[in-house]
Amino acid sequence: EAMKTIKQVATTILAVAVLAAPLVSMAGNKGKGFDRLSLDTDTSLDATEIQNLEYMREEEKLARDVYVTFFGLWGLPVFNNISGSEQVHTTHVQDMIEKYRLTDPVVDDTTGVFVDQYLANLYAELVAEGSRSSLKALYVGAAIEELDMLDLQRAIDETDNADIQTLYENLMSGSRNHLRAYVGQIENLGIVYEAQQLTQDEVDSIVDSPVERGH
């Protein structure tokens, strides 16, 4: 089934007690840099599964790049730790792309460089917001992880491939851990975190549950 039309991206992120408008998920990115499927690709994946893999490769890189940049700006260990995890995540997606002999969309692994112009623009917007203060940077990190979970769940629902489902479920586990870390940092400042992309109940359930191991 074709992905839905992409929503308008917001340029601000939730800060302190003010909810930002939602970021854009990968839904509806057909025609936005993800039509790189060769007609003679030897694969059992359909077009939607391929688009989702390609998008997830760069979305995980986006998270890594934003956190690397924020660590350079603010020096908070949480950004350094999670950027390393995101590097592992984007490499795992790359491995899956190579397994199915697809074209890797990451042609330049430089921080902030993306084939898809939407992601390049989003990177710039997120970095601009998180450059305003370390607190805003933490909120940007949490928003990215909430968004990533929405995109991963959609991708899980759109594939019947067991290998890819396992990959996405492992990435989902990592994103839940990252959200726990960012919310913990925010709440250590005496601020009650409010959900930005997921429902508040979903966020509370994740934050109130133990850190997941082995993802």
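**Exercise 1. Find which residue joins Ser-85 through a polar contact of 3.0 Å between side chains.**

*Solution.* Step one: look at the side chain of Ser-85; a polar contact of 3.0 Å joins this side chain to that of His-178. A polar contact is a pair of N or O atoms within 3.5 Å; within protein, one must be able to donate a hydrogen and the other to accept it, and residues adjacent in sequence count only if both atoms are side-chain atoms.

Before going on, a word on the model: it is predicted, so local features need pLDDT of at least 70 and side-chain atom pairs count only at pLDDT 80 or more, while totals for chains, interfaces and linings use all residues. Residues are numbered from 1 along each chain as its sequence is written, and side-chain values use heavy atoms, with hydrogens and water left out.

Step two: compare sequence and space. Ser-85 and His-178 are 93 residues apart along the chain, and their C-alpha atoms are separated by 9.0 Å.

Ser-85 counts as buried because its relative accessible area is 19%, and buried means under 20%, exposed over 50%, partly exposed in between (1.4 Å probe, protein chains only).

**Exercise 2. Describe the overall make-up of the protein: how many helices and strands are there?**

*Solution.* Start with the count: there are 6 helices and 0 strands. Read from the N terminus, the order is α-α-α-α-α-α. Next, take the burial: 51% of the 215 residues are buried. Finally, consider contacts (heavy atoms within 4.5 Å). Of those between residues at least 6 apart in sequence, 76% join residues at least 24 apart.

**Exercise 3. Follow helix H2: what does its buried side pack against?**

*Solution.* First, check the length. H2 has 23 residues and reaches 34 Å from first to last C-alpha, close to the 33 Å expected at 1.5 Å a residue. That expected span is 1.5 Å times one less than the number of residues. Second, pick out buried residues, among them Val-78, Phe-79, Ile-82, His-89 and Met-96. Third, name the partners: the buried residues of H2 pack against helix H1 (47–74), helix H4 (134–157) and helix H5 (162–187).

**Exercise 4. Look at the loop between H2 and H3: is Arg-101 there buried or exposed?**

*Solution.* Arg-101 is exposed, because its relative accessible area is 57%. The phi of Arg-101 is near 55°, a positive value in a residue other than glycine. Now move to Asp-116, which lies in the loop between helix H2 (77–99) and helix H3 (117–130). Asp-116 is buried, at a relative accessible area of 1%. A polar atom of the Asp-116 side chain lies 3.1 Å from the backbone nitrogen of Tyr-118.

**Exercise 5. Explore the largest nonpolar core: which residues have the most contacts inside it?**

*Solution.* A nonpolar core is a set of buried Ala, Val, Leu, Ile, Met, Phe, Trp, Tyr and Cys residues joined through side-chain atoms within 4.5 Å. The largest one has 52 residues, and Leu-53, Val-66 and Tyr-168 have the most contacts inside it. Two or more residues each come from H1, H2, H3, H4, H5 and helix H6 (200–207). H4 gives the most, with 11 residues. To zoom in, set aside the neighbours of Leu-53 within four places in sequence; the contacts of Leu-53 then include Val-93, Met-96, Ile-164 and Tyr-168.

**Exercise 6. Find the aromatic pairs: how many are there in the whole structure?**

*Solution.* The search finds 6. Rings of Phe, Tyr and Trp (its six-membered ring) pair if their centres lie within 6.5 Å; planes under 30 degrees apart count as stacked, over 60 as edge-to-face and the rest as tilted. Phe-79 and Tyr-182 form a tilted pair, 5.7 Å centre to centre with 40° between the planes. Phe-79 lies in helix H2 and Tyr-182 in helix H5, so this pair ties together parts 103 residues apart in sequence. Phe-79 is buried at 0% relative accessible area, and Tyr-182 is buried at 0% too. Another pair, Tyr-139 and Tyr-193, is stacked: 5.7 Å centre to centre, 20° between the planes. Tyr-139 is in helix H4 and Tyr-193 in the loop between H5 and H6, 54 residues apart.

How values were computed:
Helices (H or I, at least four residues) and strands (E, at least two) are DSSP runs, numbered from the N terminus.
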